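You asked for some quick comments before we talk this one over. Have a look at the sequence and model first, then read my points alongside them.

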4 protein chains.
Amino acid sequence: MATSAAHLNIGIIGAGRIGKVHAAHLARHVPRARLAVIADVSEEAARACAQENGVPRAVADHRAVLDDPGVDAVVVCSSTDTHARIVTETAQAGKHIFCEKPIDHDLAKIRRALDAVERAGVKLQIGFNRRFDANFARVRRAILDGEIGQPHLLHIISRDPAPPPISYIKVSGGLFLDMTIHDFDMARFLIGAEVEEVYTAAGVLVDPAIGAAGDLDTAVVVLEFANGVIGTIDNSRRAVYGYDQRVEVFGSAGGVRIDNNYPNTALISDAGSVRRDLPLNFFMDRYTESFLAEMRAFIDAVLDNTPTPVTGHDGLAPVVMGIAARKSYDEHRPVRLVEVLSQ
Amino acid sequence: MATSAAHLNIGIIGAGRIGKVHAAHLARHVPRARLAVIADVSEEAARACAQENGVPRAVADHRAVLDDPGVDAVVVCSSTDTHARIVTETAQAGKHIFCEKPIDHDLAKIRRALDAVERAGVKLQIGFNRRFDANFARVRRAILDGEIGQPHLLHIISRDPAPPPISYIKVSGGLFLDMTIHDFDMARFLIGAEVEEVYTAAGVLVDPAIGAAGDLDTAVVVLEFANGVIGTIDNSRRAVYGYDQRVEVFGSAGGVRIDNNYPNTALISDAGSVRRDLPLNFFMDRYTESFLAEMRAFIDAVLDNTPTPVTGHDGLAPVVMGIAARKSYDEHRPVRLVEVLSQ
Amino acid sequence: MATSAAHLNIGIIGAGRIGKVHAAHLARHVPRARLAVIADVSEEAARACAQENGVPRAVADHRAVLDDPGVDAVVVCSSTDTHARIVTETAQAGKHIFCEKPIDHDLAKIRRALDAVERAGVKLQIGFNRRFDANFARVRRAILDGEIGQPHLLHIISRDPAPPPISYIKVSGGLFLDMTIHDFDMARFLIGAEVEEVYTAAGVLVDPAIGAAGDLDTAVVVLEFANGVIGTIDNSRRAVYGYDQRVEVFGSAGGVRIDNNYPNTALISDAGSVRRDLPLNFFMDRYTESFLAEMRAFIDAVLDNTPTPVTGHDGLAPVVMGIAARKSYDEHRPVRLVEVLSQ
Amino acid sequence: MATSAAHLNIGIIGAGRIGKVHAAHLARHVPRARLAVIADVSEEAARACAQENGVPRAVADHRAVLDDPGVDAVVVCSSTDTHARIVTETAQAGKHIFCEKPIDHDLAKIRRALDAVERAGVKLQIGFNRRFDANFARVRRAILDGEIGQPHLLHIISRDPAPPPISYIKVSGGLFLDMTIHDFDMARFLIGAEVEEVYTAAGVLVDPAIGAAGDLDTAVVVLEFANGVIGTIDNSRRAVYGYDQRVEVFGSAGGVRIDNNYPNTALISDAGSVRRDLPLNFFMDRYTESFLAEMRAFIDAVLDNTPTPVTGHDGLAPVVMGIAARKSYDEHRPVRLVEVLSQ
């Protein structure tokens with residue numbers, strides 16, 4: 001496996017929404033990458049994506065990607081239930097891996113996949129793209145640069161514009177593993193420490209059908225970090241004004257907070273109010289550049305043989321937190337993460 | 001006791017910092033009030049305050065105020081440990097009462113004082129001035145007017161510019177009864193429902209001396225309301241950038257949030273940043289107008305024989321919440337308020 | 001004339017809207033002032049104002065104020081057409097003067113009044129209250145402290161919520177002497193230099209009746225300062241969203257701008273927009289504190305024998321600019337101020 | 001010339017900074033375009049650009065582009081002094097034209113080029129990209145949708161982060177034709193009416209060397225529109241805090257203003273100030289998306305046979321305004337545009 005080459009040859013497994021985004025980015029905006037092959041269980045989807053991006057080969061069976069000696073690294077964009085297995089197989093094929101989150105909802109499966117990665121000695125990056133967003137990255141930098149001193153309090157607001165279909169809710173793994181998982185990762189990323197305990201207060205306030213499906217749509221999760229920081233995550237499945245993604249960190253020497261992104265800066269004053277247009281409503285618009293940045297970071301990490309910025313452990317930890325958050329809600333008590341880990 | 005008069009004759013008990021503020025407001029900016037007498041254990045302080053505000057009488061013994069037939073209502077600004085007793089005595093003297101918060105830290109004492117008020121049939125208003133602040137009042141109005149639909153989530157940020165002296169900390173009743181008590185009241189005021197359960201995560205991150213005194217300086221309190229709303233309060237004893245008092249309510253049809261107040265609106269761009277001056281740093285500057293507005297509301301309620309806007313129950317409930325918040329921290333579990341009430 | 005006293009004894013001439021504001025401020029919030037007498041052509045108005053503010057004497061004839069040996073200084077709030085005469089008489093009576101703007105619209109009359117003041121050796125302050133507003137004062141301070149380097153460009157936005165009645169327009173002296181006069185003063189105050197030339201582009205866009213009355217309702221005035229700064233003033237008689245008073249100064253090391261003042265900081269997001277309430281709509285609400293601050297500054301200047309912060313020359317210069325601005329519009333060319341001064 | 005095809009075949013003339021931007025956009029983000037050939041006087045530059053973007057042909061002589069029967073439209077990115085000539089030649093070759101601004105600084109040359117375009121019946125679009133920026137476009141939409149009623153006043157702030165080299169200043173055509181020309185276009189675009197008269201106040205405040213080169217670096221230009229709107233443009237060659245591009249339009253029913261674009265939304269509060277990072281500093285970062293949007297609009301206009309959104313007249317008018325603005329400064333008087341047009 002030659003990674004000292006000027007380019008990294010990439011295979012993509014999964015040509016759905018996110019797979020197409022990664023394909024377009026790799027084809028057009030990541031000069032160090034070369035797209036070699038695209039696989040999708042729908043060979044037609046694979047072919048369409050390959051043609052759109054000038055990729056020479058399209059296949060239905062992802063094993064063809066793993067067997068391709070011209071492929072150095074694989075971007076796993078298949079359905080979540082296949083992630084752990086494909087990660088394991090890709091590692092065994094000796095290829096580097098970029099895997100969309102979550103690796104899985106089952107801790108044992110995740111651990112087996114991470115073990116395979118470790119044994120193979122390949123690189124693995126998990127697709128927590130928000131870490132690469134300019135706003136969140138600026139918060140992290142403020143902390144690293146000491147602009148706010150020692151962090152004391154964290155508050156994450158993360159609300160979707162609208163809930164997914166009930167059919168999706170049922171297989172999503174639940175609010176904490178489907179939606180809050182991003183915020184769990186963000187909390188760890190921003191504070192730079194592990195969470196030791198969570199406490200969840202939650203309910204069904206948006207849509208009773210979500211409750212009927214066994215899930216929650218509104219939640220607050222309290223996080224206690226190993227370094228003493230106390231965090232709160234505030235989730236809702238429906239913010240009528242758009243995608244609401246904000247964060248505030250308060251520290252001994254100051255505080256930093258970020259606002260949403262807006263389609264324009266226009267402020268309109270009329271006889272009724274001073275107003276602006278709603279924030280960006282769709283996660284692909286809101287996080288466009290972060291998807292590109294995470295992919296560039298992965299290519300660089302492999303070619304330059306540096307650690308990937310989002311590791312396998314970073315893929316595991318938020319799943320533990322998600323399971324603990326649900327357990328806290330179910331048992332109506334604070335839950336330490338070691339309880340989940342030792343199960 | 002004639003309250004049908006055009007003016008309400010007022011006695012003030014306590015001529016300390018807040019007593020002087022109320023005296024000046026009543027003397028200069030509340031046309032329906034007449035200041036008749038000022039009492040302070042330091043007769044000199046009483047005299048100085050009386051002279052400053054053109055008040056005809058100054059006394060050392062607060063009983064002289066209660067015995068004064070020309071006094072219709074009493075503003076209780078004495079030290080907290082005397083509140084419950086003076087409220088009781090004032091009620092027994094048949095005079096209306098404005099009492100600074102908290103009534104007491106002891107539930108039994110508060111109940112006895114409220115009983116006395118009820119038996120006497122006098123009016124009682126508690127000094128939760130922040131309800132009268134233009135920003136908080138606007139949030140309440142947004143909710144009442146349906147601008148954000150049904151409330152789902154509440155987040156209160158309440159941070160002091162600097163901790164009080166350790167000597168004060170020791171007698172303060174602790175973070176939750178001294179500082180968070182305002183936020184407990186604000187939570188009930190904004191949401192318009194009772195809190196049923198609290199959960200506290202807290203620590204000593206600002207100053208170890210505060211911990212040595214048995215208190216906390218950084219806290220998150222989760223509130224579960226009877227109507228399903230989930231709230232968080234985020235406290236710190238020291239925000240280096242000033243007095244940080246913000247709130248956000250999120251609901252089914254939108255959200256509302258308020259920012260701090262600033263000394264001016266100037267935005268300065270130079271080669272380093274785009275910046276503005278720090279927010280107002282002192283609670284007297286920040287809440288000046290609310291102190292006046294609460295006093296006007298009290299005078300109006302008595303003269304017009306309408307309910308006071310902050311009742312005796314409003315004085316009791318935040319103390320219950322404060323006790324429960326500490327209990328939650330001590331016992332490391334969610335605590336229902338009925339546990340505290342039934343003790 | 002004894003000004004070494006601890007208090008300054010004040011007579012107010014004119015108990016209309018602004019006179020009542022000054023009376024209330026002097027009575028309640030300026031400890032170094034004592035209100036001795038209030039005069040108004042309507043003796044009833046004088047008496048009401050005196051009673052409201054605990055002033056011992058009320059008269060109809062302003063000469064009684066000037067003849068009162070117990071009066072040290074006079075606040076002139078009578079109608080504009082009487083300002084110059086009363087200033088002259090007050091100076092001749094050896095009393096200090098605070099005079100509402102403008103002194104007059106006639107340069108010769110202003111000069112005669114200023115001559116009288118100079119001969120009498122009394123102090124004179126003109127009521128350009130906006131200089132004392134926290135926002136404008138912060139801009140001035142940014143310039144004085146070098147926060148933006150050498151000023152290069154100035155932009156003043158000054159728009160009223162609604163035009164005055166046509167009957168007032170007819171006697172107002174016209175847009176430039178009635179409304180822009182404040183902005184002319186602000187321009188000189190902020191930049192700290194004299195204007196040498198003006199150019200006016202203007203029209204009637206708000207209400208044809210204003211044009212029929214011979215006046216303008218929308219204007220841009222370009223200012224060229226002696227120190228090279230170029231300024232623009234942008235006026236309208238009607239901003240439907242409220243009182244619009246903003247300024248921006250751009251310099252070699254940065255820029256500073258101020259926004260309007262708002263009744264609260266609430267930001268409401270709903271399915272349509274992110275919005276806030278309109279800015280303060282009435283000049284008395286917007287500039288409340290500046291009226292008090294200017295009066296304190298006047299009392300201090302007299303008692304401490306320091307220069308008043310807004311001099312007679314400061315009262316003259318904006319009138320010159322207003323006349324030049326109209327001349328520029330009428331003659332459709334840039335007009336140097338020396339042209340007006342030498343007429 | 002077949003424009004009914006699914007794709008438009010494009011030749012680019014000029015592979016400098018802006019040519020490379022257009023090439024990358026056309027190659028990667030404009031599906032209806034096909035890049036056929038790139039020309040540059042440096043054949044090496046042409047080849048590098050062609051290779052970077054997968055373009056099959058690179059030439060040194062732009063005539064080869066015009067003679068290429070496989071080219072439907074030409075994007076003219078050569079040096080300004082060649083624009084008019086190449087536009088003429090391209091029109092004569094029967095190909096559609098996208099031409100970077102300005103067409104020329106000489107009115108006669110522009111007119112001859114536009115005549116050639118008209119005779120040939122080809123489409124021409126001028127590269128005023130800012131019209132396609134989300135912020136400016138939102139202001140235009142607010143006006144078109146009646147959100148602010150009839151426009152009355154316009155204020156454009158347009159300041160560069162730093163002046164270009166003096167060597168460039170000397171051949172730039174001067175401030176008004178090099179820099180203000182964008183603002184002249186923006187003024188016409190936003191108000192949707194023609195300017196009839198300009199008045200200029202300007203100076204050399206940034207760098208005496210700019211004055212020594214016969215140019216100005218700081219200017220205010222007053223615009224009087226045919227529909228009564230009065231506008232101001234406020235230019236500086238150096239804003240130390242970054243690229244400053246804002247606009248405000250005030251109308252009978254409200255106002256709209258846009259702020260700069262920032263690299264992130266982070267607000268940092270520390271013991272000194274509340275601050276954010278500087279706005280985007282480089283025009284390519286600030287206007288990235290508008291360059292792409294204008295190119296898409298051109299391709300669409302040609303393929304769909306609709307009018308281009310920025311016409312040849314739109315290329316001429318700002319040059320007239322720039323010449324008039326300089327004439328106003330030189331002659332120190334307002335200048336009507338017809339004076340320049342009739343010269």
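**Notes on the strands, domains and chain contact**

1. Start inside chain A, where Glu197(A) sits across from Glu224(A) of strand 9 of chain A. Keep in mind as you look that this is a predicted model. The two strands behind that pair are strand 8 (residues 195-203) and strand 9 (residues 218-225) of chain A, which run antiparallel and are joined by eight bridges.

2. Which strand of chain A do two bridges join to strand 8 of chain A? That is strand 15 (residues 335-336) of chain A, and this pairing is antiparallel. Here Val198(A) has Val335(A) of strand 15 as its bridge partner.

3. Now step back to the domains. Chain A splits into domain 1, covering 8-122, and domain 2, made of 131-286 plus 318-341.

4. How many residues of domain 1 of chain A are in contact with domain 2 of chain A? Five residues of domain 1 are, and they meet five residues of domain 2. On the domain 1 side of that contact you'll find three nonpolar residues, one polar and one charged.

5. On to the chain pair. Chain D can be laid on chain A by a rotation of 180° with 0.0 Å of shift along the axis, giving an RMSD of 0.0 Å. This is how a two-fold axis relates two copies. Both chains use the same surface, since 100% of the contact residues of chain D turn up again in chain A. If you want to find the axis on screen, go to Arg28(D): its C-alpha, at 3.2 Å, is the closest to the rotation axis among the residues of chain D.

6. What does the contact between chains D and A consist of? Each side is listed with its own count: 25 residues from chain D and 25 residues from chain A. In chain D, helix 6 (134-144), strand 12 (254-258) and strand 13 (267-270) each give at least two residues to the side touching chain A. That side of chain D comprises twelve nonpolar, seven polar and six charged residues.

7. Last, look at the strands that pair from one chain to the other. Strand 13 (residues 267-270) of chain A lines up antiparallel with strand 12 of chain D, through four bridges. One residue pair to pick out is Leu267(A), whose bridge partner in strand 12 of chain D is Arg257(D).

How values were computed:
Residues are numbered from 1 along each chain as its sequence is written. Chains are lettered from A and ligands numbered from 1 in the order in which they are written. This is a predicted model: local features need pLDDT of at least 70, side-chain atom pairs count only at pLDDT 80 or more; totals for chains, interfaces and linings use all residues. Copies are superposed by least squares on the C-alpha atoms of residues with pLDDT of at least 70 in both. Two residues are in contact if their C-beta atoms, placed from the backbone, lie within 7 Å. Domain bounds come from an automatic or database domain assignment. Ala, Val, Leu, Ile, Met, Phe, Trp, Tyr, Cys and Pro count as nonpolar, Asp, Glu, Lys and Arg as charged, and the others, Gly among them, as polar. Two strands pair if DSSP finds at least two bridges between them.
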